[in-house]
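Thanks for making the time this morning.

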Amino acid sequence: MSLTDRIGQLREFFIQELSQSGTAKDLESLKIKYFGKKGSIQALMLELKSCTKDERPVLGKMINDLKVELTSHCENSLARVKGEELNKRLLKEVIDPTLPGRRQSLGRKHPIMQILDRAIDILISMGFSVKLGPNADTDYYNFEGLNFPPDHPARDMQDTFYLSGDWLLRTHTSNVQVHAMEEIEPPIRVIAPGRCFRNETISARSHVFFHQIEGFYIDRNVSFADLFATMEEFWSKLLGEKVETRFRPSYFPFVEPGLEVDLRCTSCRGKGCRLCKQTGWLEVCGAGMIHPNVLKKCKIDPDEYSGYAWGMGIERLAILQHAIPDIRMFTQNDARFLSQFA
Ligand code: PHE
């Protein structure tokens with residue numbers, strides 16, 4: 001068969017194969033088979049070598065024209081098929097705007113932060129301003145400045161996490177009293193919310209860290225009556241009703257006299273129940289009149305100024321308010337527990 005005939009035959013083969021190539025994949029293989037380096041067109045080109053000098057340009061042009069023609073056929077089909085394939089895929093992928101969306105679960109404020117924030121709001125409305133103190137502090141601010149003499153047994157009341165040198169994790173928010181008195185001239189009316197740390201065995205009732213709000217007021221003529229009134233107003237606002245308070249003598253080195261404050265049980269209203277261990281009262285915070293030694297250490301004249309202070313545990317408040325059986329639940333991050341405090 002002459003080369004001219006073979007060129008014609010190749011066109012026919014190609015057209016036939018093209019008509020049978022239904023997918024983009026088929027067409028890609030067809031391209032390689034005909035136009036690749038080892039493809040049929042290239043094979044014809046190689047045969048030009050055996051032609052005469054006169055034939056070569058004519059036949060060469062025929063092969064080239066064939067290549068151009070077939071390539072354009074092939075590309076047209078490829079474009080059409082690819083378009084069809086895309087359409088099919090898009091049809092399958094249609095978006096149904098009537099389907100309901102997937103609900104995102106939103107986080108909530110932790111119950112401790114809820115109570116803390118409410119307490120802070122109330123106290124701010126009563127004229128206090130917030131001052132934050134360091135969680136890691138020196139012995140001076142946590143103990144010595146608060147009239148805990150070195151080696152005094154009162155230090156053992158608070159199992160301390162000691163850091164290196166003079167440093168420790170504060171055992172109470174009372175350290176802010178000393179910082180505030182050093183930095184602010186009386187009158188001082190400050191609340192100090194924050195974390196405290198104690199090296200205790202973790203159990204249902206106690207944890208190695210917890211939150212307190214410290215509050216204190218230093219001015220001329222601050223009296224016990226002011227402490228009483230402030231506490232009563234605060235509890236009523238926080239718990240939403242008038243609650244009876246009871247003050248019991250207690251000992252803290254930085255107050256004199258020192259007190260523990262009880263509330264009429266919020267659950268049984270004093271009749272006696274499991275929550276108040278049948279006493280009718282709930283212990284909620286330590287308080288007292290700031291010790292003259294503390295004022296003196298902070299260069300405030302105790303003959304001119306007096307002040308009161310209290311410190312209350314927030315976990316304890318939350319436990320009382322929601323009848324939570326175990327303090328560890330606050331830190332277990334169980335969404336089933338946390339989601340109950342919307
Ligand atoms: N800081 C004391 C404690 O952690 C509480 C307290 C604060 C007592 C202020 C009296 C005055 O137990």
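A word on conventions before the details. This is a predicted model, in which local features need pLDDT of at least 70 and side-chain atom pairs count only at pLDDT 80 or more, while totals for chains, interfaces and linings use all residues. Residues are numbered from 1 along each chain as its sequence is written, and side-chain values use heavy atoms, with hydrogens and water left out. When I say helix or strand, I mean a DSSP run (H or I with at least four residues for helices, E with at least two for strands), numbered from the N terminus.

Let me start with the sheet. Seven strands form an open sheet with mixed pairing, in the order E1-E4-E5-E9-E8-E7-E6, where two strands count as paired if DSSP finds at least two bridges between them. At the edges are strand E1 (129-130) and strand E6 (245-250), each of which pairs on one side only.

Which strands pair with E9? Strand E5 (residues 209-219) runs antiparallel to E9 and is joined to E9 by eight bridges, and strand E8 (residues 281-290) also pairs with E9 in the antiparallel sense, over five bridges. Strand E9 itself (residues 306-313) is mostly covered, with seven of its eight residues buried (under 20% relative accessible area, with a 1.4 Å probe and protein chains only).

Helix H7 (residues 175-183) lies across strand E4 (188-197), E5, E8 and E9, and runs at about 35° to E5; H10 lies across E5, E8 and E9, at about 55° to E9. For all of these angles, axes are lines fitted to C-alpha atoms, for helices over the stretch in contact, and the angles run from 0 to 180 degrees between N-to-C directions.

H10 (residues 314-322) also packs against helix H5 (residues 111-125), their axes coming within 9 Å and crossing at roughly 105°. H5 is therefore roughly perpendicular to H10 (65 to 115 degrees). In contact terms, meaning heavy atoms within 4.5 Å, Ile112, Ile115, Leu116 and Arg118 in H5 meet Ile314, Glu315, Leu317, Ala318 and Gln321 in H10.

On the H1 side the contact residues include Leu10, Phe13 and Phe14, and on the H2 side they include Leu27, Leu30 and Tyr34. H2 and helix H3 (residues 40-47), by contrast, have axes that come within 4 Å and cross at roughly 5°, and these two helices are therefore roughly parallel (under 35 degrees). That contact is made by Lys33, Tyr34 and Phe35 of H2 with Ser40, Ile41 and Gln42 of H3.

How values were computed: Buried means under 20% relative accessible area, exposed over 50%, partly exposed in between (1.4 Å probe, protein chains only). Angles under 35 degrees count as roughly parallel, over 145 as roughly antiparallel, 65 to 115 as roughly perpendicular and the rest as oblique.
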